[in-house]
Amino acid sequence: MGGRIFCMIYATFGIPLMFVVLINVGTIFADLAKCAFMCWLCKKKKVRPVDAKTWADKTSEPDKVSLGRPNSGKHVNIRDIAVEEQKRDEEATQKNLQVPIIVILLILTGYNCLGMLLFSAYMPWTFLESFYFSYITLSTVGFGDLIISDLSDPVFLCISAIYMLIGLAVVSMCITLLTERFVSLAMSIGKAIGLVQDEDGEEAEK
């Protein structure tokens with residue numbers, strides 16, 4: 001009875017803490033996924049980021065321009081302005097970038113297929129059973145109809161634990177990306193039917 005009480009207390013604090021960690025790690029993974037997707041798009045379209053030095057050299061303005069009166073002594077480096085503009089453009093692009101749903105589903109399916117190969121190699125399961133076990137485990141459903149019964153191989157147990165930890169972070173990442181897609185879709189529908197006012201319209205009224 002004492003062990004069961006300890007397990008309940010441990011789960012009460014441990015599960016929320018685990019969720020917090022997974023949410024933070026999933027957010028980091030989501031940012032990395034968006035950066036990788038943006039780089040892939042740039043490579044596909046053969047678009048290169050604007051180099052601040054090249055941009056400044058191509059302009060007909062001098063490196064430094066005066067602000068205010070001619071003798072005020074306040075100067076602004078035009079290359080610094082180019083760097084700031086480039087950073088703002090990259091941040092805006094990354095913020096508004098959304099990974100397609102098909103890519104998110106492919107990531108989930110691919111990671112489950114990796115687990116399918118792993119568990120089918122070490123356990124007496126078919127590919128379908130291995131995929132099912134991986135999916136049920138990463139979705140935190142855990143029916144318990146399939147369990148890892150062979151505990152004699154410590155290497156396999158360590159690999160399985162690492163796979164599941166990373167898999168939970170990947171699932172959290174995909175949930176974060178899907179949430180962004182659904183929120184953006186809901187906002188678009190709301191603007192289309194007039195329930196949500198556009199930011200440009202609000203600024204115009206002000």
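Student: Hi! Before we start, what kind of model is this?
Tutor: It is a predicted model, where local features need pLDDT of at least 70 and side-chain atom pairs count only at pLDDT 80 or more, while totals for chains, interfaces and linings use all residues. Residues are numbered from 1 along each chain as its sequence is written, and side-chain values use heavy atoms, with hydrogens and water left out.

Student: Great. How many helices and strands are there in the chain?
Tutor: There are seven helices and two strands. Helices (H or I, at least four residues) and strands (E, at least two) are DSSP runs, numbered from the N terminus. Along the sequence the pattern reads α-α-β-β-α-α-α-α-α.

Student: And how much of the chain is buried?
Tutor: Buried residues account for 21% of the 206 residues. Buried means under 20% relative accessible area, exposed means over 50%, and partly exposed is in between, using a 1.4 Å probe and protein chains only.

Student: Switching to aromatics, how many pairs are there?
Tutor: The count is eight aromatic pairs. Rings of Phe, Tyr and Trp (its six-membered ring) pair if their centres lie within 6.5 Å; planes under 30 degrees apart count as stacked, over 60 as edge-to-face and the rest as tilted.

Student: Why does Phe-6 with Tyr-10 count as stacked?
Tutor: Their ring centres are 6.1 Å apart and the planes are at 25 degrees, so the pair is stacked. Both residues lie in helix H1 (residues 2-45), four residues apart, which is about one turn of the helix.

Student: What about Tyr-111 and Tyr-163?
Tutor: Those ring centres are 4.6 Å apart with planes at 5 degrees, so this pair is stacked. Tyr-111 lies in helix H4 (residues 101-122) and Tyr-163 in helix H6 (residues 154-193), so the pair ties together parts that are 52 residues apart in sequence. Tyr-111 and Tyr-163 are both buried.

Student: Which residues form a cluster with them?
Tutor: One aromatic cluster is formed by Tyr-111, Phe-119, Tyr-122, Trp-125, Phe-133, Phe-156 and Tyr-163.

Student: I was also looking at Ser-160. Where does it lie, and what does it touch?
Tutor: Ser-160 lies in helix H6 and counts as buried, at 3% relative accessibility. Leaving out residues up to four places away in sequence, Ser-160 touches Phe-119 and Ile-148. Contact here means heavy atoms within 4.5 Å.

Student: Now the helix packing. How do H4 and H5 cross?
Tutor: The axes of H4 and helix H5 (residues 127-138) come within 8 Å and cross at roughly 125 degrees. Axes are lines fitted to C-alpha atoms, for helices over the stretch in contact, and angles run from 0 to 180 degrees between N-to-C directions.

Student: Which residues meet there?
Tutor: Among them are Tyr-111, Met-116 and Phe-119 in H4, and Phe-131, Phe-133 and Leu-138 in H5.

Student: And at what angle do H5 and H6 pack?
Tutor: H5 and H6 pack at about 65 degrees, with their axes 9 Å apart. The contact is made by Phe-133, Ser-134, Thr-137 and Leu-138 of H5 and Tyr-163, Met-164, Gly-167, Leu-168 and Val-171 of H6.
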